[in-house]
Amino acid sequence: MTQERTVLTGKHFMQGDIACAEGAIAAGCRFFAGYPITPATEIAERMARRLPEVDGVYVQMEDELGSMAAVIGASYAGVKSMTATSGPGFSLMQENIGLAVMTETPCVVVNIMRGGPSTGQPTKPGQQDVMQARWGSHGDYEIIALAPSSVQEMFDLTIEAFNLSEIYRVPVFVLADEIVGHMWERVTIPSENAIKRVNRKRPRTLPEKYVPFLPDRDLVPPMASFGEGYRFYATGLTHDETGHPRTDTAKAQQELVQRLCDKIRKNREKIVRVSANMLEDAEVMVVAYGTTSRSAMSAVREAREKGFKAGLLRLITLWPFPDKEIAELAKRVRAIVVPEMNCGQIVREVERAAKETSVIFMPKLGEEPHRPVEILDAIQRGSYK
Amino acid sequence: MRLEIRAAGFGGQGIIRAGLMLATAACIYGDKNAVETQSYGPESRGGACKSEVVISDKEIDFPKVSKPDILIAMSQEAYNQYAHTLKQGGTLLLDSDMVLKQKKNLDIQVFEIPATKIAEKLKNTIVANVVMLGAFTSITNLVEVEAIKKSILDNVPKKTGKLNLAAFEKGYDYGKLLKKKKR
């Protein structure tokens, strides 16, 4: 196995889905279990071809329930693991995503969002699974979701997703819309050495002293792999630090579930990423993510040319939600414009963070993203608020 | 300079591949930024299909085509749907074997290329898309011949390289001839 084959260093004209697969391999992913689905199929195709080249394993599963289960199993065996799907498959994965949360399994789930609900419009874009990503599995938990807006970010943020999942022992979602997934664009892949890879914390004790769910000060427990002598139990039932079920005490539920939430909440400053563009003197702020943020960027540039003080806050992290960042900026602007390819999801979070500041919501369903002129129109309306 | 190109036809004609060849030539073998996006139905062949390429000196924010400078139409349906979306004075390249009826009074420049027939003569209609790309290259002068040839070879199976380059040359020559006549 040569290094060149692991990381395809150089400039490429590449598809978003393919860049995602290459990002995963560069991050150290060596296991993919999935069930191909438009518009995420190209990720599975690429992984099927590439993983054997880097001594990895690709498994075509019977369905998405099995896919997610296999991903958890592989991660517990110590291998960085992922799956990729779209809305209908993401729905089927939700139960085992909850299991991954409860068992604190590092893994990456890519959702290339198409039009829903149900099988909807397989080849058309959507941003309709944003709330499902946050709340899709039952019970209380915190999750991390990243929203790439270019082919370069499909590569970069997939690596980031693996790193975050390893640091916080949590499933991390890459939530891209169909346009970003299928788009072809230039991507620059850095050299092998320039890629930042983070691996999960390993036990610092002997196997007989290992307490599998005893957290460090960062609230994350070190993780042993199955099969290397650290014998322990992992379960979806509420458990104590030893991993054994504790289904009858309030204390066990409070301690565990609170910690699962807190390990993300208390580290949010390290996780949350936004990109601020022309916001220094902005009177109208557009908040957008994915392809929509590119329409918004065009609109903001046009607005500036026309003399309107507009800026764009592009959300890179969708969950945990950048509410503090938005609250701070909201105090300084007249209005916030939120374009989304859905009937209103992230806008609810923006409204919550923006408090009194007026929010103009721009829903969009169907084949095309927002045209810049539509967002420009909303910016102009916002300027007179 | 932002240039918008739309290619449309039906699934199986290599519409998306043609867009990719063009965008790769501009972006990897040229010095421009380029983005290709696509739209197609759930069927693998026969459904409506379009490929959109934006080429620019600057960073490309909005990746889709709204008012194309150039349209490549490879089916009647594509022509009917998109001919009127061209910019005023825009350039239309159509496969005259597929587009039989044209609208009147459109303020555009039309180039008719019998791409499917030319491809038939090469004994493989599958390269009609590359014939069109050849004509596109000589008519528009947007990409370097060497750049597009490299990108064609990047985008096709090795054993079909010769066939595709032959298709390109035929299209290129036909386009050159058409352009001369227009003058």
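**Two interfaces in a predicted model**

Domain 1 of chain A and domain 2 of chain A bury about 2000 Å² between them, with 55% of it on carbon and sulfur atoms; buried area here is the accessible area (1.4 Å probe) that two parts lose on being put together, summed over both. The model is a predicted one, in which local features need pLDDT of at least 70 and side-chain atom pairs count only at pLDDT 80 or more, while totals for chains, interfaces and linings use all residues. Residues are numbered from 1 along each chain as its sequence is written, chains are lettered from A and ligands numbered from 1 in the order in which they are written, and side-chain values use heavy atoms, with hydrogens and water left out.

To begin within chain A, domain 1 covers 3–194 and domain 2 covers 275–383, with bounds that come from an automatic or database domain assignment. The C-alpha centres of these two domains of chain A lie 27 Å apart. In contact (heavy atoms within 4.5 Å) are 27 residues of domain 1 of chain A and 24 residues of domain 2 of chain A.

Three salt bridges are counted between domain 1 and domain 2 of chain A, a salt bridge being a side-chain nitrogen of Lys or Arg within 4 Å of a carboxyl oxygen of Asp or Glu. Arg294(A) forms a salt bridge with Glu185(A), where the closest N and O atoms are 2.7 Å apart. On the side of domain 1 of chain A that touches domain 2 of chain A, the elements giving two or more residues include β6 (121–125), α6 (130–135) and α7 (151–168) of chain A; helices (H or I, at least four residues) and strands (E, at least two) are DSSP runs, numbered from the N terminus. The largest share of this side, four residues, comes from α6(A).

The area buried between chain B and chain A is about 1900 Å², and carbon and sulfur atoms give 56% of it. Tyr40(B), Asp61(B) and Phe62(B) supply 32% of the area that chain B buries against chain A, more than any other three residues.

Two salt bridges are found across the interface of chain B and chain A. Glu368(A) and Lys50(B) meet through their side chains in a salt bridge (3.3 Å, N to O).
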